[in-house]
Amino acid sequence: MTLSSSAPPADPGAHPRVLGRYDSGRPGPTVVCIGALHGNEPAGLSAISRVLARLRATDVPLRGQLLGVSGNRRALAQGRRFVDRDLNRQWTAENIARIAQGQLATAEDQETRELLGVFLPLLRRGPVSFIDLHSTSSLSPPFSCMADVLRNRPLALALPIPVVLGLDEVIEGSMLGYLCDLGHVGVAVEGGQHDDPRTIDFHESALLLMLVAAGSLEPRHVPDLAAHRARLGAASGGMPAVCEIRHRHVIQPEDEPFVMKPGFVNFQVVERGQVIADDRRGPLRVPETGLVMLPRYQGQGDDGFFIARPVTRNVLRLSAALRTLRLDVLVPYLPGVSRDPQRPDHYIADPAVARVAVKQVFHLFGYRQERAHAERLVFSRRRPVARPVLPAELAPLLREDEEG
Ligand SMILES: [Zn+2]
């Protein structure tokens with residue numbers, strides 16, 4: 001099967017898949033930076049080009065290599081978030097297996113196949129740090145998102161902007177979620193509003209700071225490092241350092257038209273019961289007090305909005321200590337918690353016994369709640385150490401890579 005016959009194949013456009021590669025021949029980390037995984041978010045690409053040009057202009061002795069990659073080229077050519085399907089929602093083992101076998105039904109299947117072609121030679125060599133640059137439809141200070149595994153923290157916490165945890169639990173099939181589950185590092189940066197020129201500046205500053213945090217660059221290689229840190233810090237002053245997603249509002253097709261009330265911005269405080277949007281059934285109220293994240297002011301996508309809550313630094317320190325000491329051996333002794341008989345590293349919690357705190361406790365130990373389990377709470381452990389694996393579904397592509 002090739003591209004679907006009903007629609008003409010989308011034009012991949014003029015943007016090269018690999019924007020540029022910088023490698024001064026010194027050993028070190030592999031950093032891959034992706035821009036425009038959503039085609040209407042080109043700011044990341046401009047920032048990557050800027051950083052690559054800067055490294056070349058001053059001939060910086062970067063350790064390892066930096067690869068700049070275009071995300072959804074076909075959607076980029078049309079200035080849309082995606083052509084057929086959201087490219088950042090289809091990285092599940094099932095989809096990847098189908099795509100690796102050459103069954104490409106949508107423009108985004110083709111995009112995924114091409115991205116895997118770029119990533120695979122790197123993935124098989126060792127750990128890779130993926131930095132994924134996004135922008136938002138609403139006005140927003142810059143912030144980062146990551147799955148809360150310890151190896152992601154040095155990059156995300158190097159930025160003086162809020163870190164949002166837990167989007168990987170509520171959004172299935174994100175590219176970074178998939179790559180992080182294989183054992184790699186993955187941090188996404190939301191730089192600001194799509195067409196705000198400052199978004200490119202914030203992405204540039206974030207990328208430079210993360211290259212230093214990753215050990216690719218030394219601080220002396222970025223003489224204006226303090227200015228980049230100050231630029232980001234000033235943009236997100238007064239925001240909590242770390243937040244956790246508590247609620248995702250999913251827009252079902254029958255809910256449309258879904259229309260956010262005007263004026264909501266990321267990290268804005270909302271009260272339980274406050275009307276935040278209208279859909280087909282009428283006014284939509286906030287289910288719990290917290291901070292609004294990613295309100296949908298665009299036509300595409302089924303994420304209406306998210307509600308987050310601040311997490312204290314002490315909770316982060318505690319969770320790092322618990323995981324470093326391997327105290328997660330205590331997890332099966334929690335009240336109301338039992339091992340999943342079928343799957344290793346999976347636990348089932350009885351909501352009647354375990355109550356509210358159980359989710360927080362699992363988060364401390366580096367577990368994520370799995371979606372799509374109605375009455376039971378199922379938690380699985382995120383791959384804790386950076387010892388990447390190549391899963392079975394990639395086998396057909398690995399063979400192609402070896403052959404040619
Ligand atoms: Zn995006």
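Student: Which geometry does the site of the zinc ion have, with its 4 donor atoms?
Tutor: In this predicted model, local features need pLDDT of at least 70, side-chain atom pairs count only at pLDDT 80 or more, and totals for chains, interfaces and linings use all residues. Residues are numbered from 1 along each chain as its sequence is written, and side-chain values use heavy atoms, with hydrogens and water left out. The angles here run from 56 to 144°, and the site of the zinc ion is classed as irregular.

Student: Which residues coordinate the zinc ion, and at what distances?
Tutor: Donors are N, O and S atoms within 2.8 Å of the metal (3.2 Å for Na, K and Ca), and because water is not among the atoms, sites may look incomplete. Along the chain the donors follow the spacing H-x2-E-x92-H. They are His38 (ND1), Glu41 (OE), Glu41 (OE) and His134 (ND1), at 2.0 to 2.4 Å.

Student: How many residues apart are glutamate 41 and histidine 134, and are they buried or exposed?
Tutor: Strands (E, at least two residues) and helices (H or I, at least four) are DSSP runs, numbered from the N terminus. Glutamate 41 sits in the loop between β2 (26-35) and α1 (43-58), whereas histidine 134 belongs to strand β4 (residues 128-136), so that the pair links distant parts of the chain, 93 residues apart. With buried meaning under 20% relative accessible area, exposed over 50% and partly exposed in between (1.4 Å probe, protein chains only), both glutamate 41 and histidine 134 are buried.

Student: Which domain does UniProt list for residues 27-141?
Tutor: UniProt annotations may be inferred rather than shown by experiment; their positions are given in the numbering used here, and feature names are shortened. The span is 41% helix and 23% strand, and its end C-alpha atoms lie 35 Å apart. The unreviewed UniProt entry lists residues 27-141 as "domain: Succinylglutamate desuccinylase/Aspartoacylase catalytic".

Student: How many aromatic pairs are there, and how are the rings of tryptophan 91 and phenylalanine 119 placed?
Tutor: Rings of Phe, Tyr and Trp (its six-membered ring) pair if their centres lie within 6.5 Å, with planes under 30 degrees apart counting as stacked, over 60 as edge-to-face and the rest as tilted. By this rule the count is 4 aromatic pairs. The centres of tryptophan 91 and phenylalanine 119 are 6.5 Å apart and their planes lie at 35°, so the pair is tilted.

Student: Why is the pair of phenylalanine 143 and phenylalanine 267 edge-to-face?
Tutor: Phenylalanine 143 lies in strand β5 (residues 143-146) and phenylalanine 267 in the loop between β9 (259-260) and β10 (269-270), 124 residues apart. Phenylalanine 143 is buried at 1% relative accessibility, and phenylalanine 267 is buried as well, at 8% relative accessible area. The ring centres of phenylalanine 143 and phenylalanine 267 are 5.3 Å apart, and because their planes stand at 85°, the pair is edge-to-face.

Student: Which residues form one aromatic cluster?
Tutor: Two of the members, tryptophan 91 and phenylalanine 119, are buried. The cluster is formed by Trp91, Phe119, Phe130 and Tyr178.

Notes: Tetrahedral: all angles 85-135°; square planar, octahedral: opposite > 155°, others 65-115°.
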